[in-house]
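Trainee: Could you show me how to read the links between side chains in a protein model? I would like to go through them one at a time.

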Amino acid sequence: MVKFTTLFVATVAIFVASASAQVSTPPVEFDAVTLPFDEPEGNYTISADDAHLEKRGVKAKGVLSAAEQKTILDTHNKYRARHGAKPLKWNAKAAAFGDNWIQACQFKHSGGKYGENLAAGYKNFKTGIDAWYNEVSKYNFKNPGFSMATGHFTQVVWKGTKSVGCAKKFCPGSNWTIYICNYDPPGNYQGQYQKNVLPRKK
């Protein structure tokens, strides 16, 4: 079984402070991702500029079971607690976005505006999230910042993130399951690591 733990894309926005407001430059793509998707409940269609996402209905239903959602939240929140980050809540719209995106069975990022982690070849969500978190061993808290080797970990524990929505799809052609989690607000913003990715509590 092939495990893809390093294939991920992080969109890192570099902020420049001005006297009156905070201005961001165009996102610089390294390796994690970032995407807002906050439409009112009900029927709506997102344009091609918004990652070709279409959603019909009131809420994302049937994307994952309640048990899977609980496992995802429990696993994330266990790791977040170690680093002083508050628990995440389930985000049905982010889950629907991710579910829609992976239907094509292409292991690549959506390029949208949520924070986004991908994995493939794992047994289940828990083992995938465990692998994302285990990148902590490569993270340098004394020199905080983005790294292609730690972008999954930093998104998982990013203090400013409030919610997550995930989805999965088995792809017969590749004989693997793709797992996707989308985070809101997104993490991995340059210049914000020190206050959002804290050392493990003793």
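Trainee: Is Asp-130 buried or exposed?

Mentor: In this predicted model, Asp-130 has a relative accessibility of 14%. Buried means under 20%, so Asp-130 counts as buried.

Trainee: Which residue does the side chain of Asp-130 meet in a salt bridge?

Mentor: Here is the general idea. Side chains of opposite charge can pair when their charged atoms come close. In this case, the partner of Asp-130 is Lys-126, with 3.0 Å from N to O. Lys-126 counts as partly exposed, at 35% relative accessibility.

Trainee: Where do Lys-126 and Asp-130 lie?

Mentor: Both are in helix α3, which covers residues 125–133. They are 4 residues apart, and that is about one turn of the helix.

Trainee: How many salt bridges does a search of the whole structure find?

Mentor: The search finds 3. Let's look at Lys-70, which forms a salt bridge with Asp-74. Their closest N and O atoms are 2.7 Å apart.

Trainee: Is Lys-70 buried or exposed?

Mentor: Lys-70 counts as exposed, because its relative accessibility is 54% and the cut-off for exposed is over 50%. Asp-74 has a relative accessible area of 41%, so Asp-74 is partly exposed.

Trainee: Which residue forms a salt bridge with Glu-68?

Mentor: That is Lys-168, and the closest N and O atoms of this pair are 2.5 Å apart. Now check where each partner sits along the chain. Glu-68 is in helix α1 (residues 66–82) and Lys-168 is in strand β9, so this pair links distant parts of the chain, 100 residues apart. Both are partly exposed: Lys-168 has a relative accessible area of 33%, and Glu-68 has 23%.

Trainee: Let's turn to cysteines. How many disulfides are there?

Mentor: The count comes to 2 disulfides.

Trainee: Where do Cys-105 and Cys-171 lie?

Mentor: Cys-105 is in the loop between α2 (92–101) and β8 (115–120), while Cys-171 is in strand β9 (residues 163–171). The two are 66 residues apart, and their pair links distant parts of the chain. Cys-105 is partly exposed, at 23% relative accessible area, whereas Cys-171 counts as buried, at 2%.

Trainee: Why is the disulfide of Cys-105 and Cys-171 left-handed?

Mentor: Look at the torsion about its S-S bond. For Cys-105 and Cys-171 this is about -95°, so the disulfide is left-handed.

Trainee: Which cysteine is joined to Cys-166?

Mentor: Cys-166 is joined to Cys-181, with 2.1 Å from S to S. The link of Cys-166 and Cys-181 has 105° about the S-S bond and is right-handed. Both of these cysteines are buried.

Trainee: What pattern do the disulfides of the chain follow?

Mentor: Count the bonded cysteines along the chain, and the pattern reads 1-3, 2-4.

Technical notes
Residues are numbered from 1 along each chain as its sequence is written. This is a predicted model: local features need pLDDT of at least 70, side-chain atom pairs count only at pLDDT 80 or more; totals for chains, interfaces and linings use all residues. Side-chain values use heavy atoms; hydrogens and water are left out. A disulfide is a pair of cysteine sulfur atoms within 2.5 Å. Buried means under 20% relative accessible area, exposed over 50%, partly exposed in between (1.4 Å probe, protein chains only). A salt bridge is a side-chain nitrogen of Lys or Arg within 4 Å of a carboxyl oxygen of Asp or Glu.
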